[in-house]
Structures are given as structure tokens and as C-alpha cells.
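Here are some notes for a colleague who is opening this structure for the first time. Please read them with the model on screen.

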Amino acid sequence: MRFFRPIGDLKGWKRFGFEVAIIVIGLGITLIAQDLISNANRARATREAIDAVEVDLVQLYLHSSERLAVEPCRREQVRALADRIERSNGYWTAEIPESINRNADTLVLPRVLRSPRRPWSDATWRALLASDAAIDMDRQRFIQISAAFSSAQSFRERQDAAFDLAGELSHLAISGPFDAAQRREAYATLSRLASMEGIMTIHAQQARDAIMALDFQNEQRFVRFTSATQQGDVADFIANTVATYGTCVDTTQFQPFIDDLNATTGMNVTLPLQSAAP
């Protein structure tokens, strides 16, 4: 109480000044506290946004690896079909490997070529860019992540166009007369599709390179990915890829993904034997 006794003796302007000082100090403490809380909330929101982005990057990591793994099969399919078109002599005999239309019942009608069709989503990245979280990101890290999603966007745009273009070759699933004009038209369509798919493979490589160069911060990214998707069993995912496309699948393209998965989660996933594919 001794400290407050002299204060009670203050009169006039001195007392007024003292009371103003107390108010200013109180406001200052309040503003500092609010600023600390605001910064903490902003940091948490940024962390959550980046964590979500990293989970999407893991999905892109797997999808780009899949695309690179089936690249030998894609080339093999295109070359085989082009060769048959060239050698056709007035009549087309439909020959479609059964695996090409494996687990594709929703398409109803058969297709003569197949390549992976995946979401390649960038929703979390677009959400982050629309928030304040992007402002707090390290510049180099922002550039790396942006490069991965930019390649993903380019891939996704061509993927839809390639899917539609491949559908224009579906008449090759039916045997029948096949004149020179039809042969040239089919070959031209196949050539356009092959070029488009080739560019898509480049985008897949670019996306995976950017992801592999990234220093991830979310140690739970693989756990959240496997628990939030239907692709939790990576070994089965790879085995199904081999079952669909054949032994031409370069399963070693999945190895970097598996190595990161095992190192992060403590799991012991291994590449499945091709003979063990369902």
C-alpha cells in the first residue's frame, strides 16, 4: 500500500497525467496481446494450409511416378497400333488386349488405348494463394511448390483433351472395312494423341522433379495421405498398375516415392513382384 499512498496525494494535472499514462500502458498491453494472438493464429493457419498443400503434393508425387512408370507401355501401345494401321489393307481386324479395358466398366464401350487418368488436384494450393498464408512463405519454397503445381495444371489441361482424342479412335475396336482415307485419318488422330501424351509425360517428369527437390515440413504428410485417400495400400496400387498395363510397367519409377514413404512413416513397403499382380 505504500506505493499507492503518494499517488493519492497527486492533484490536478499530475493526477490527470498519471491516469492517462495508466490508460496508455493498459491499451499498449492489450494491443501487444492482441498482436501476439493474431500472429499465433496466422502462423497456425499458415501451417495448416501448407500441411494440406504437402498432402496434395504427395498425391501428385504418386501420380507422376505412375505416369512415368507406364510411359514404356504408352509408347508400346502407340507403336503397335500405328504399325497395324500402316499394314491394314482395306479391312480392319480389331485386336484389343483385355487388360486395356480392365476395371473400366463405367466407360461402357471399349477403348483401344489407355493411360492413367488421375485428378492432379491443385485445390489446396489455390486456396493458399487466395489467403494470407502465401505472404509468409519462404520465397524459394514458394517457387518450388509453384513449379510443381504449374506442371500439374498443364498436365491436367492436356489430360482431358487427350482422353477425348483417344475416344475418337474407339471405332478401331470394331472390325470392318478400312479404306485408305480412314487409315490416314486414324493415323493422323493417333499422331496428335501421341504428341499430346508425350508432352504430358514431360509435365509429369517436371512435377516429380520439383516435388523431389522440395524440403517437406509436414512429417505426417504420408500418414494423412494414406488415411485420406483410397490409395493407402501403395503396393496394391502398383500391382494393379502392372495388371492393367502389363510387364512393360517400369516399377522402379515408384521407388523414390516408396523410399520417402518408408523413411517418413517407418513402414516397410516394397515393390510388388509383377507375377504377384492381381
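1. A charge sits over a ring if NZ of Lys or CZ of Arg is within 6 Å of the ring centre and within 35 degrees of the ring normal. Arg 84 meets this with Trp 92, lying over the ring face at 4.3 Å from the centre.

2. A word on the source. The model is predicted: local features need pLDDT of at least 70, side-chain atom pairs count only at pLDDT 80 or more, and totals for chains, interfaces and linings use all residues. Residues are numbered from 1 along each chain as its sequence is written, and side-chain values use heavy atoms, leaving out hydrogens and water.

3. Helices are DSSP runs (H or I, at least four residues), numbered from the N terminus. Helix H3 covers residues 71-87. Its 17 residues should span 24 Å at 1.5 Å a residue, and its end C-alpha atoms are 24 Å apart, which agrees. The expected span is 1.5 Å times one less than the number of residues.

4. Which residues of H3 are buried? They are Glu 71, Cys 73, Arg 74, Gln 77, Val 78, Leu 81, Ala 82, Arg 84 and Ile 85. Seen down the axis, these fall within an arc of 165°, so they line one face of H3. The arc is taken from the directions from the helix axis to the C-beta atoms. On the other side, Arg 79 and Arg 87 are exposed. Buried means under 20% relative accessible area, exposed over 50%, and partly exposed in between (1.4 Å probe, protein chains only).

5. There are 7 aromatic pairs. Rings of Phe, Tyr and Trp (its six-membered ring) pair if their centres lie within 6.5 Å; planes under 30 degrees apart are stacked, over 60 edge-to-face, the rest tilted. Trp 125 and Phe 142 have centres 5.3 Å apart and planes at 45°, so this pair is tilted. Trp 125 is in helix H4 and Phe 142 in helix H5, so the pair ties together parts 17 residues apart in sequence. Trp 125 is buried, at 5% relative accessibility; Phe 142 is partly exposed, at 27%.

6. Phe 237 and Phe 254 pair edge-to-face, 6.4 Å centre to centre with 85° between the planes. Both are buried.

7. The largest nonpolar core has 62 residues. Such a core is a set of buried Ala, Val, Leu, Ile, Met, Phe, Trp, Tyr and Cys residues joined through side-chain atoms within 4.5 Å. Leu 57 and Leu 128 touch the most other members. Helix H2 gives the most, with 11 residues.

Notes
Helix = DSSP H or I, 4+ residues; strand = E, 2+ residues; numbered from the N terminus.
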